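Subject: Structure handover

Hi there,

Here is the structure I promised to pass on to you.

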Amino acid sequence: MQEISIGNKKVGPADSVFVIAEIGINHNGSLDAAKQLIEGAALAGCDAVKFQKRTPDLCVPESQRDIERDTPWGRMSYIDYRYRVEFGMKEYQEIDRYCRQQGILWFASCWDEEAVDFMEEFEPPCYKAASAALTDLPLLRKTRQTGRPLIVSTGMSTMEEIEGTVEELGCENLLIAHTNSTYPCPVEELNLNMIPALQAKYPSVPVGYSGHETGLPTTWAAVALGARFIERHVTLDRASWGSDQAASVEMPGLARLVSNIRDIEKALGDGVKRVYEGELAARKKLRRT
């Protein structure tokens, strides 16, 4: 497996699990909420936070733009809602400054080519392609042309689609995230054994897990199954308005998630059998021969 540098961190077979707190659009357009989530992720020991960047005029289909929906800011069209929760240059400049202050990396999932150009202004350490973009080859090629590491998510995708995308992109500087795109995802549909299956199919590519389930134990199980990076949505309040909030982790849970991931890493060891110093007294006392 190749070792990939993401900012000042490395993702590979001998490295600590790279933990990503996905803020996404759970900030609901509030820079203050975004900064609280950044601070919480840093305090929890996450390696990075991730946002989502869209150009609504390019991402929202014509047929959906004028559909009205109820929002915390009143009834508005879907296109107006998308602009309402989208951060611009001023907000991302402050996010960039604040993440540097907090000592945490940040990057984004870009949903269109203009969003990639926008994010390049900040020289992100990597990019993430959402599951919805796995078959969007023009967008993936645009992202690949930046030369930065690319994480591709595989939710809502067939194995044939994954194979086609990897063949198109090549394996260098590529990371693959197993995921299920149901929000929240029932535990019986997580299919965590896809993590070692993908690793066996692409041995040079770090494979990780992007979880959309409720609770933490299944994410810990992903680490035990070999996930080299973990991503979970984070929120200040799971009852907040928004489609991703219910499948997100609140700040106290995030601290437990990261702490226990680090314990699991230590507990897994290297697979080489040895007698530890702490066992010697019991060995001497209890062995008959």
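A word on terms to begin with: a residue is called buried under 20% relative accessible area, exposed over 50% and partly exposed in between, using a 1.4 Å probe and protein chains only. In that sense Tyr92 and Trp106 are both buried. Please keep in mind that this is a predicted model, where local features need pLDDT of at least 70 and side-chain atom pairs count only at pLDDT 80 or more, while totals for chains, interfaces and linings use all residues. Numbering runs from 1 along each chain as its sequence is written, and side-chain values use heavy atoms, with hydrogens and water left out.

**Overall picture**

Along the principal axes, the C-alpha atoms fill a box of roughly 80 × 40 × 40 Å. Of the 289 residues, 48% are buried. Among contacts (heavy atoms within 4.5 Å) with a separation of 6 or more, 65% come from residues 24 or more positions apart.

**The aromatic residues**

Rings of Phe, Tyr and Trp (its six-membered ring) pair if their centres lie within 6.5 Å; planes under 30 degrees apart are stacked, over 60 edge-to-face, and the rest tilted. This rule gives 9 aromatic pairs. Tyr92 and Trp106 have ring centres 5.5 Å apart and planes at 10°, so they are stacked. Tyr92 lies in helix α5 (residues 89-102) and Trp106 in strand β7 (residues 105-110), 14 residues apart. Tyr92 also forms a tilted pair with Phe122, at 6.4 Å centre to centre and 55° between the planes. Phe122 is in the loop between α6 (113-120) and β8 (127-129), 30 residues from Tyr92. The relative accessible area is 0% for Tyr92 and 10% for Phe122. Ring pairs link Phe51, Phe87, Tyr92, Trp106, Phe118 and Phe122 into a cluster.

**Cores**

A nonpolar core here is a set of buried Ala, Val, Leu, Ile, Met, Phe, Trp, Tyr and Cys residues joined through side-chain atoms within 4.5 Å. The largest one has 61 residues, and Ile38, Cys46, Val49, Phe51, Trp106 and Leu254 touch the most other members. A second, separate core of 13 residues includes Ile4, Ala48, Cys126 and Leu175.

His27 sits in the loop between β3 (18-24) and α1 (31-44) and is buried, with a relative accessible area of 3%. Leaving aside residues up to four places away in sequence, His27 touches Ala33, Ala34, Phe51, Val85 and Phe87. Thr55 belongs to the loop between β4 (48-53) and α2 (56-59). With a relative accessible area of 18%, Thr55 is buried too, and beyond residues up to four places away in sequence it touches Asp112, Glu114 and Ala115.

Happy browsing, and do write back with your thoughts!

Best wishes

Key: Helix = DSSP H or I, 4+ residues; strand = E, 2+ residues; numbered from the N terminus.
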